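Here's a quick briefing to read alongside the model.

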Amino acid sequence: MSYAAPHIGWLQIAPLAIVLGTGLVGVLVEAFVPRRARRTTQLVLVFAALVAALLLIVAQWRDTMASGGVSLFGGSYLLDGPALAIQGTLVVLSILAVAVFADRTSVGQDAFAPAAAAVPGSDYEELARRKGLEQTEVYPLAMFGLGGMLLIVAAGDLLTLFVALEALSMPLYVLTGLARRRRLLSQEASLKYLLLGSFASALLLFGAALLYGFSGSLHLGEIAAATGTIAGLEGLLLGGMTLLLIGLFFKVGAVPFHAWTPDVYVGAPTPVTGFMAATTKIAAFGAMVRVVYVVGPSLQWDLEPMLWTVAILTMVVGTVVALVQTDVKRMLAYSSIAHAGFVLVGVLAFSTEGIASVLFYLVVYGLATIGAFAVVTLVRQTRTGAEGTVILGEATHLAQWAGLGRRSPWLAGALSLFLLSFAGIPLTAGFAGKFTVFTAAADGGAVPLVVVGVIASAAAVFFYVRLIVLMYFTPEREEEGEEGVTVVTSSGFTTVVIAVAAIGTVLLGVLPGPLLELLGQAVKFLP
Amino acid sequence: MSVHTLTAARLPFADLAVPVAPSGPWQESAWLLVAVPLVSAAVLLLAGRRSDRWGHWLGVAASAASFVIGALILVSLLQAPVGERVVEVDLFDWISAGQLTLAAGLRLDPLSLTFVMLVTFVGSLIHVYSVAYMDADVDRRRFFAYLNLFVAAMLLLVLADSFVLLFMGWEGVGLASYLLIGFWNHRTEYAVAAKKAFIANRVGDLGLLIAMMAMFATVGALDFTSVFGAVGSMDTSTATIIGLALLLAACGKSAQFPLQSWLGDAMAGPTPVSALIHAATMVTAGVYLVVRSAPIYEAAPDAQLAVVVVGAITLLFGAIVGCAKDDIKKALAASTMSQIGYMMLAAGLGPVGYAFAIFHLVTHGFFKAGMFLGAGSVMHGMNDQVDMRRFGGLARYMKITWVTFGLGWLAIIGVPPFSGFFSKDKIIEAAFMPVAGAEWRAWLFGSVVLIGAGLTAFYMSRLFFMTFHGEKRWTTAAEGAEQHPHESPRLMTWPMVVLAVGSVALGGLLSIGGVFTTWLEPVVGHTEHADPVLPIPVIMASTLVLVLLGAFLAWRQYAASTVPQVAPAGSALTRAARRDLYQDEVNDAVLVGPGAYLTRSLVYGDRQVVDGAVVGVAHVTVGIAERVRKLQNGYVRSYAATMLAGAVVLLVVVLVTRI
């Protein structure tokens, strides 16, 4: 038996390798670099790595789009148009998200627990706080997570898909538990996420096993090929596909696998919420689109009722429950669920336009999401006590946002822009996104879905605009005793992120053409 | 015969210059014309109070820069052979949705360049004037931001190569006009005036939208080249609908009957605004639109006749109102309305009138802007008094204002050899041109413009004499404010002087050898000389007699005899004219009243039926939401159970639907 070394395309895996490598180096930095230089080193490393990865992705663009992509490691790593486009999106959004991680604001603290391993309320924690101990493990963790995401969108077999899913999930479980304030809530969210995530992974793995049982292969292309030839085992095939998709539905927060979303989004440190709301969803949708479009077409009729059910449920539940939320982060969590539904509508177009529209929607959604959560990080509670006014954690109750537009018109304006984009108001990117997704779906014959989508979008306008009304047209609440609300000044990172996201949102709303055209090139999956 | 005339009428457009690509750096950078003032406006608005100290000069510089760029483009166009004087500059692909692809581009041709020069030259002068006029206003910077915004929008309007881009500019000038009329919006009536102007304009804008929809429905494109190219294959009724819709738009923007009511109230804005926007440039956009859309009107004789009728009515309407107004700015506004009526009428006459419509528009831009600035100067010296019955004898105190205003006055009433004579006389001649098959038109419209000329001479002389001559009727200390009229600072008088020079010489200079009409030929076509129904010397002589008569009557009543300080009761016509011939009352009775009733009924229906349904649905939704929310109880075990149940349900769905 001869052994042929698998072909390794170094250039093609370079972005992934750089990101994962930076994560490893980051761990070493955490261990060996003197405390004072640690944060700076991490930041320089992370941003350099992300920019390098982005440049490498851009450099490959033309060749990949022309050749249709390359299949590496015996078909386990498929770097085709959609994979590269989503990787690019992920890296760009990660640059923004990690910049929000890095912001220490005028308070001088970032959003993360200085000694995450300490038991909340313990003597050790207090000691660490007094000594000014500060760990920066968030950066390597984010890199590992991003590595998993870059891998999952290019995963050509179910094993790689599963490994990538775990690789992106584990760091997120940890990141969720790192909040500086309300640590118990944060850790609870982390544990919930871990337990439910494991459950979903198990379902996915079970689905993979069934598919292997059906086709004798883990490779997506070979499973697809087997669907037409093997008769009598449809139960295995359809059961396997359903369970596989459920694992991915969990990651995108589709109903009824969404229950973790609100709790985790609220518990996690807000910068992490922004990061995971944008990137995880994009990565999981990347994997889902590949599974559905590579294996799915021949099963379209069998899977459609299930996919339609999930899409409709997701749009309706996300929108309806968001209506009654009183917490900004929770409202945005439900809104992100509803958006997962809108993206699913695009997936169900079963056409190349559908793929392009999904890619575009994800960019648009990611920009507004990171921007919106970045704004949330700056609005803080205060308590006036004996030692003056102390700035505490984020003021997330809606009532605390009343009158914000008058005090911080720019910040409130940016948030309003993101909300309008979520709502899909024309001249924001969200409108262009919804328009392309719905058009593609209607062309693909999913008209009832589009009708539900449009109604849900209309209903969603209510809770988005309610926040805008609250910020601009509702008088500020009287200061009740010692509690108050203030807006802290960003140390620069967050301001830049908000500005970039806002400009992007307007630009893609006014001139969506160029990006749509670019993404229109990236719609061919390798089998 | 009729077939023959139709071809003859269309002939001028058959050999219209085909647009060519830009040549030379200045033509290619035509977008700077719009971009420079726009960026300046953005800077002034965004920089806020920080730019208070230098903001007004930035505004002046931006306007002047546009003028310089415009002049360079003009020179480059003059150097090109006549056949290559229509240049299209492609900017970018703007909208691409379904069948509609629209490229944003600019059209540089004699017509648009004429407007560019008028807007930027007069605009720059008025910017300079405003530096002094608005000196005491704390919001001077904001004022300049709006002025720049206006210049940018107006240039976009005239440079656009498609109706859509034109509409952008159209709305832009509307916005700037609204902002500037209501610039002192702390006074409720000024804010109301701004709103009135805006709403009256919206009615007109609807016309433009309808015209665009009709064009898109029939032609499938909205750029000038395609639309005008397709006119030949359009049936007459479509062309008529488009023409009438465009006329509605023009009526709104140019304050023509029946949408003229806003212009008088628009005088609430600071005087430089009245000079720039509500006299020289924006209000003439309607005339521009009609002349630009000439091929459509050539194919729609009925729409063309409607243009002439509207022009004729407005010209008399404005002139009658102008005779009775005692507010100097409102009298000037009525005059503007009437003069634009002249232009509109000329534009409706077809190829014989287009060039003269634009010619009168240019000369009017100079003398009317000059007189508005003069009025501003008078107000400046008289503590913002606008009642002409409390002026009188100002000639001795404000020499420069008197002289410059006087030259404008001579120009507008059409005394040779001042500018207005050359442009208005041509319109009168054109109105007397015979129309095949409808001889009555030449006589009717000819007489209207003749009478209009006489009325113009009367009300403008009345205004001039009441303000600068006769005895002083100033308010006294006993009445609250003693007047000490004085000449305005140099920054204000210089622009007036420059405009006065234009009022004197521009008309004559541009008439030498028909240079202006020849220049416009690539756009409006060439017309063979024809003879009016009356010999030209007769027309000219009767015009002059009527003008002199009007001026003499005004002199006898307002300079030679005593002018009462409080307006006498007057005849029924005078009382009607003072109230704009009951325009507001008519609008109230015909439109506002029923409109308000309709709104009230709709609001009632909305509250009871629509809101009821909406609120009901909302209640049910919130009820459901509260219940679903209960599922979100925070327990991992129930979440996991939900997931499991969901998984089971989905598996069942997949397997069941398969059967």
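Let's start with an arginine: Arg107(B) has a relative accessible area of 9%, so this residue counts as buried. Its side chain meets that of Glu88(B) in a salt bridge, 3.1 Å from N to O. Keep in mind that this is a predicted model.

**Salt bridges**

- The Glu88(B)–Arg107(B) pair links distant parts of the chain, with Glu88(B) in strand β1 (residues 87-97) of chain B and Arg107(B) in strand β2 (residues 100-108) of chain B, 19 residues apart.
- Glu88(B) is buried as well, since its relative accessibility of 17% falls under the 20% cut-off.
- Over all chains, a search of the whole structure turns up 21 salt bridges.
- In chain A, have a look at Arg330(A) and Asp263(A), whose side chains form a salt bridge at 3.2 Å, N to O.
- Arg330(A) belongs to helix α13 (residues 328-347) of chain A and Asp263(A) to helix α10 (residues 260-267) of chain A, so this pair ties together parts that are 67 residues apart in sequence.
- Asp263(A) is buried, at 10% relative accessibility.
- Back in chain B, Asp139(B) and Arg142(B) make a salt bridge whose closest N and O atoms are 3.0 Å apart.
- Those two belong to a network of salt bridges that links Arg49(B), Asp52(B), Asp139(B), Arg141(B) and Arg142(B).
- Asp139(B) is buried at 17% relative accessibility, whereas Arg142(B), at 21%, counts as partly exposed; the line between the two classes is drawn at 20%.

**Where chains A and B meet**

- On the chain B side, 25 residues are in contact with 38 residues of chain A.
- About 2,600 Å² is buried between chain B and chain A, and carbon and sulfur atoms give 78% of that area.
- Which helices of chain B each supply at least two residues of the side that touches chain A? They are α25 (583-631) and α26 (636-658) of chain B.
- The largest share of that side, 15 residues, comes from α26(B).
- By type, the residues of chain B's side divide into 16 nonpolar, six polar and three charged.
- The count of salt bridges between chain B and chain A is zero.
- Two residue pairs are in polar contact across the interface, both at pLDDT 80 or more.

**Helix α5 of chain B**

- Helix α5 (residues 110-133) of chain B has 24 residues and should span 34 Å at 1.5 Å a residue; the C-alpha atoms at its ends are 33 Å apart, which agrees.
- Is α5(B) largely enclosed or largely open? Of its 24 residues, 22 are buried, so the rest of the structure largely encloses this helix.

- Gln256(B) sits in the loop between α10 (236-254) and α11 (261-265) of chain B, and at 0% relative accessibility it counts as buried.
- Leaving aside residues up to four places away in sequence, Gln256(B) touches Cys251(B), Val310(B), Gly311(B), Thr314(B), Met337(B), Ile340(B), Gly341(B) and Met344(B).
- Ser94(A) is part of helix α3 (residues 81-102) of chain A, and its relative accessible area of 1% makes it buried.
- Beyond residues up to four places away in sequence, Ser94(A) touches Leu50(A), Ala99(A), Leu146(A), Phe275(A) and Thr279(A).

- As background, most residues other than glycine have a negative phi, and most peptide bonds are trans.
- The peptide bond from Val255(A) to Pro256(A) is cis, with omega near 5 degrees; Pro256(A) lies in the loop between α9 (234-252) and α10 of chain A.
- Another cis peptide bond runs from Pro416(B) to Pro417(B), again with omega near 5 degrees, and Pro417(B) is in the loop between α18 (399-413) and α19 (419-431) of chain B.
- Thr105(A), though not a glycine, has a positive phi of about 55 degrees.
- You'll find Thr105(A) in the loop between α3 and α4 (123-130) of chain A, where it is buried with a relative accessible area of 9%.
- Leu427(A) also has a positive phi, about 75 degrees, without being a glycine; this residue lies in the loop between α16 (409-423) and α17 (429-443) of chain A.
- Buried or exposed, which is Leu427(A)? At 59% relative accessibility, Leu427(A) counts as exposed.

Note on methods. Residues are numbered from 1 along each chain as its sequence is written. Chains are lettered from A and ligands numbered from 1 in the order in which they are written. This is a predicted model: local features need pLDDT of at least 70, side-chain atom pairs count only at pLDDT 80 or more; totals for chains, interfaces and linings use all residues. Side-chain values use heavy atoms; hydrogens and water are left out. Helices (H or I, at least four residues) and strands (E, at least two) are DSSP runs, numbered from the N terminus. The expected span of a helix is 1.5 Å times one less than its number of residues. Buried means under 20% relative accessible area, exposed over 50%, partly exposed in between (1.4 Å probe, protein chains only). Contact means heavy atoms within 4.5 Å. Buried area is the accessible area (1.4 Å probe) that two parts lose on being put together, summed over both. A salt bridge is a side-chain nitrogen of Lys or Arg within 4 Å of a carboxyl oxygen of Asp or Glu. A polar contact is a pair of N or O atoms within 3.5 Å; within protein, one must be able to donate a hydrogen and the other to accept it, and residues adjacent in sequence count only if both atoms are side-chain atoms. Ala, Val, Leu, Ile, Met, Phe, Trp, Tyr, Cys and Pro count as nonpolar, Asp, Glu, Lys and Arg as charged, and the others, Gly among them, as polar.
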